[in-house]
Amino acid sequence: MSTLSIALVVAGVALVALGLSRARAPWGRYQALRAQEANAERYRSWRGGPGRAVGETTGADVMKTILRARVREALLVAAAGVVLAVIGVVIR
């Protein structure tokens with residue numbers, strides 16, 4: 001393998017690691033928000049209170065949208081790393 005291909009593979013692996021590490025925290029928070037909302041909905045249905053109005057946007061909905069965007073961006077970085085690593089292997 002040439003120096004260029006080794007550099008591309010190393011850079012690709014580094015980008016994959018960076019992307020996955022940056023996606024981990026927002027994804028965990030997103031899952032926690034979903035679990036919290038599901039728990040609140042189960043409590044509302046058990047209690048018999050009014051549910052959420054259709055079309056009502058809460059702060060949690062906005063935060064989930066932001067977290068999904070952050071995860072998407074981090075996964076795009078990881079995907080770019082995979083592409084670089086594949087190019088590095090193909091170039092030889």
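This is a predicted model: local features need pLDDT of at least 70, side-chain atom pairs count only at pLDDT 80 or more; totals for chains, interfaces and linings use all residues.
Which residues does G88 touch, not counting residues up to four places away in sequence? They are M1, S5, L8 and V9.

G88 sits in helix 2. G88 is buried, because its relative accessible area is 0% and buried means under 20%. Along the chain, G88 and L67 are 21 residues apart. In space, their C-alpha atoms are 32 Å apart.

M1 is one of the residues that G88 touches. M1 lies in the segment before helix 1, a helix that covers residues 3-47. Is M1 buried or exposed? M1 counts as exposed, because its relative accessibility is 62% and the cut-off for exposed is over 50%.

M1 has contacts of its own. Leaving aside neighbours within four places in sequence, M1 is in contact with I6, V9, G88 and V89. M1 and V90 are 89 residues apart along the chain, yet their C-alpha atoms are separated by 9.8 Å.

M1 also belongs to a patch on the surface. The patch is nonpolar and is formed by M1, I6, V10 and V89. Together these residues have about 390 Å² of accessible area.

## Helix 2

Helix 2 covers residues 59-91. How many residues does helix 2 have, and what should they span? Helix 2 has 33 residues, and at 1.5 Å a residue they should span 48 Å. The expected span is 1.5 Å times one less than the number of residues.

Several residues of helix 2 are buried. They are D61, K64, L67, V71, A74, A78, G81, A85 and G88. Against what do the buried residues of helix 2 pack? They pack against helix 1.

V62 lies in helix 2 and counts as partly exposed, because its relative accessibility is 41%. V62 and Y30 are 32 residues apart along the chain, and their C-alpha atoms are separated by 11 Å. A80 is in helix 2 too. A80 has a relative accessible area of 37%, so it is partly exposed. A80 and R42 are 38 residues apart along the chain, with 40 Å between their C-alpha atoms.

Just after helix 2 comes R92. R92 takes a positive phi of about 50°.

## Salt bridges

How many salt bridges are there? The count comes to two.

One joins the side chains of K64 and E37, with 2.7 Å from N to O. This pair links distant parts of the chain: K64 is in helix 2 and E37 is in helix 1, 27 residues apart. K64 is buried, because its relative accessible area is 12% and the cut-off is under 20%.

R44 forms a salt bridge with E41. Their closest N and O atoms are 3.0 Å apart. Both residues lie in helix 1, three residues apart, so about one helical turn separates them. R44 counts as partly exposed, at 25% relative accessibility. E41 counts as partly exposed as well, at 36%.

## Aromatic pairs

The model has two aromatic pairs. One of them is Y43 with W46: the ring centres are 5.7 Å apart and the planes are at 35°, so the pair is tilted. Why tilted? Planes under 30 degrees apart count as stacked and those over 60 as edge-to-face, so an angle of 35° falls in the rest.

Y43 and W46 both lie in helix 1, three residues apart, about one turn of the helix. Y43 is partly exposed, with a relative accessible area of 45%. W46 is exposed, at 69%.

## Accessibility at a glance

The table gathers some of the residues discussed above.

| Residue | Relative accessible area | Class |
|---|---|---|
| G88 | 0% | buried |
| K64 | 12% | buried |
| R44 | 25% | partly exposed |
| E41 | 36% | partly exposed |
| Y43 | 45% | partly exposed |
| M1 | 62% | exposed |
| W46 | 69% | exposed |

How values were computed: Residues are numbered from 1 along each chain as its sequence is written. Side-chain values use heavy atoms; hydrogens and water are left out. Patches are made of residues with over 30% relative accessible area and no salt bridge: like charges are joined within 9 Å, nonpolar side chains (Val, Leu, Ile, Met, Phe, Trp, Tyr) within 5 Å. Accessible areas come from the Shrake-Rupley method with a 1.4 Å probe; for residues, only the protein chains shown count as cover. A salt bridge is a side-chain nitrogen of Lys or Arg within 4 Å of a carboxyl oxygen of Asp or Glu. Helices (H or I, at least four residues) and strands (E, at least two) are DSSP runs, numbered from the N terminus. Buried means under 20% relative accessible area, exposed over 50%, partly exposed in between (1.4 Å probe, protein chains only). Contact means heavy atoms within 4.5 Å. Rings of Phe, Tyr and Trp (its six-membered ring) pair if their centres lie within 6.5 Å; planes under 30 degrees apart count as stacked, over 60 as edge-to-face and the rest as tilted.
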